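Visitor: Hi! Could you walk me through this one? I'm new to reading structures.

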Amino acid sequence: MPCTVIVGAFWGDEGKGKIISYLALKDQLDFCVRTGSVNAAHTVWNEGKKYALHMIPAGFLYEKCRLLISAGANVHVGQFFKELELTQVDRSRVGIDQMASIIEEKHSEQDKASAVNKAIGTTNWGVGPAIEERVRRTAKLAKDIPELHAFLTDGIAEVNDGLDEGKKVLLEGTQGFMLSLFLSNGYPYVTGRDTGASAIASEAGVGPTRVDDVIIVYKSFITRVGGGPLPGEISKDEAIKRGWFETAAGTGRDRRSAPFDFDLAKKTAKINGATQAALTKLDCLFPKCNAVRRFEDLPVEAKAFIKDVEIRTNLPVTLIGTGPDALDIIDRR
Ligand code: IMP
Ligand code: MG
């Protein structure tokens, strides 16, 4: 704080939504800025209710937090209104940067019709085709959509003025570093944008020197949906046995899984310029950690795993997720 970037370390679904919702409540964030597009779902649990958010920033639980959708983002109008309804947030809290682009039904049709995208296993929301259109400079922007007029703002100015005033800003990355169009060695099994920390700041219109902290989010094991390599991948049966089997919050597809990869964690920490790490789902590796909220109460094997992560990545593990609720967290900051 005051300006923090949240970036996913692996192939997405590291639990960024949970970390963001916790930080919004705990640090009383002034701004939470969503980047990326509708393909990424952030899961937030609050008092037993689950929210899978594709558009509304995951900081919505803290009711004084201004919720912005960034200039670099890609807005799905129907999904946006659905989530306004779902979250019941006061509309005056929500701003969409006037320069954000629009993703339309035709983009989804184009995504589904592409043989290449089938092999990659895209989410079929049409994000790749929508971004193609933006690059061709024929895309619709948020300011072109009458239903969005009440929400339009200069999000870039809001955030930068907020930083000038010392406000607390969180820039919410989507997906994971290993899906980066530019920086992952997994091309073409990547998404249609750069998902790294610098790109998250860039999409929000925040210059690199204004960022104070980059929190990289690791899950205690690794998952991936769609095609492409996943080093150390285990079978679905084995994943079920270990309690690691998940389905995608957005598409409902099975997630593939693999054990935590220390070398990859180290590499992605460095490339994203991470200053701290969050480690989620520790209770899936060590069930005795479930809902523990004090570091001292963790079993020794869990503490040893955290120590290993810290030594190998050279980062302090400051936030540890021990259960689904936004507040199931050990905060060592
Ligand atoms: P696209 O982003 O829909 O074009 O899909 C490209 C690849 O990124 C596919 O392997 C998707 O499964 C993956 N992907 C896209 N968004 C997410 C996400 O939010 N979480 C995890 N994987 C994602
Ligand atoms: Mg997700």
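Guide: Let's start with a pair: Lys236 forms a salt bridge with Asp254, and their closest N and O atoms are 3.0 Å apart. A salt bridge here is a side-chain nitrogen of Lys or Arg within 4 Å of a carboxyl oxygen of Asp or Glu. This is a predicted model, where local features need pLDDT of at least 70, side-chain atom pairs count only at pLDDT 80 or more, and totals for chains, interfaces and linings use all residues. Residues are numbered from 1 along each chain as its sequence is written, chains are lettered from A and ligands numbered from 1 in the order in which they are written, and side-chain values use heavy atoms, with hydrogens and water left out.

Visitor: Where in the chain do Lys236 and Asp254 sit?

Guide: Lys236 is in helix H8 (residues 236-242), while Asp254 is in the loop between H8 and strand S13 (256-259), so the pair links distant parts of the chain, 18 residues apart. Helices (H or I, at least four residues) and strands (E, at least two) are DSSP runs, numbered from the N terminus.

Visitor: Is Lys236 buried, exposed or something in between? And what about Asp254?

Guide: Lys236 counts as partly exposed, at 45% relative accessibility. Asp254 is partly exposed too, with a relative accessible area of 39%. The cut-offs are under 20% relative accessible area for buried, over 50% for exposed, and partly exposed in between (1.4 Å probe, protein chains only).

Visitor: Which residues are joined into one network by salt bridges that share partners?

Guide: Asp13, Lys219, Glu246, Arg255 and Lys281.

Visitor: How many salt bridges are there in the whole structure?

Guide: A search finds 25 of them. One of them pairs Arg66 with Glu158, with the closest N and O atoms 2.8 Å apart. Arg66 is in strand S5 (residues 66-69) and Glu158 is in helix H6, 92 residues apart.

Visitor: New topic. What holds the magnesium ion?

Guide: The magnesium ion (ligand 2) is coordinated by Asp13 (OD) and Ala41 (O), at 2.1 to 2.3 Å. Asp13 is in the loop between strand S1 (3-8) and helix H1 (16-27), and Ala41 is in the loop between strand S2 (31-34) and strand S3 (42-46), 28 residues apart. Donors are N, O and S atoms within 2.8 Å of the metal (3.2 Å for Na, K and Ca); water is not among the atoms, so sites may look incomplete.

Visitor: Are those two buried or exposed?

Guide: Asp13 counts as partly exposed, at 23% relative accessibility, and Ala41 is buried, with a relative accessible area of 14%.

Visitor: How many cavities of 30 Å³ or more are there?

Guide: One. About 30 Å³ of space lies in the largest cavity. On a 1 Å grid over the protein atoms alone, a cavity is a set of points where a 1.4 Å probe fits but cannot get out, and a pocket is an open set with protein on both sides within 12 Å along at least five of seven lines; lining residues have an atom within 4 Å of a point. Grid points are joined across faces, edges and corners, and a volume is the space filled by probe spheres set on the points.

Visitor: Which helix gives the most to that cavity's lining?

Guide: Helix H6 (residues 155-164), with three residues. The lining of the largest cavity includes Val33, Asp97 and Ile156.

Visitor: And the second largest pocket, how much space is in there?

Guide: About 230 Å³. Of the 15 residues that line the second largest pocket, the closest to its centre are Gly72, Ile131, Gly192, Arg193 and Glu203. H5 gives the most to the lining, with three residues.

Visitor: Last one: how many helices and strands does the protein chain have?

Guide: The protein chain has 11 helices and 16 strands. Buried residues make up 57% of its 333 residues.
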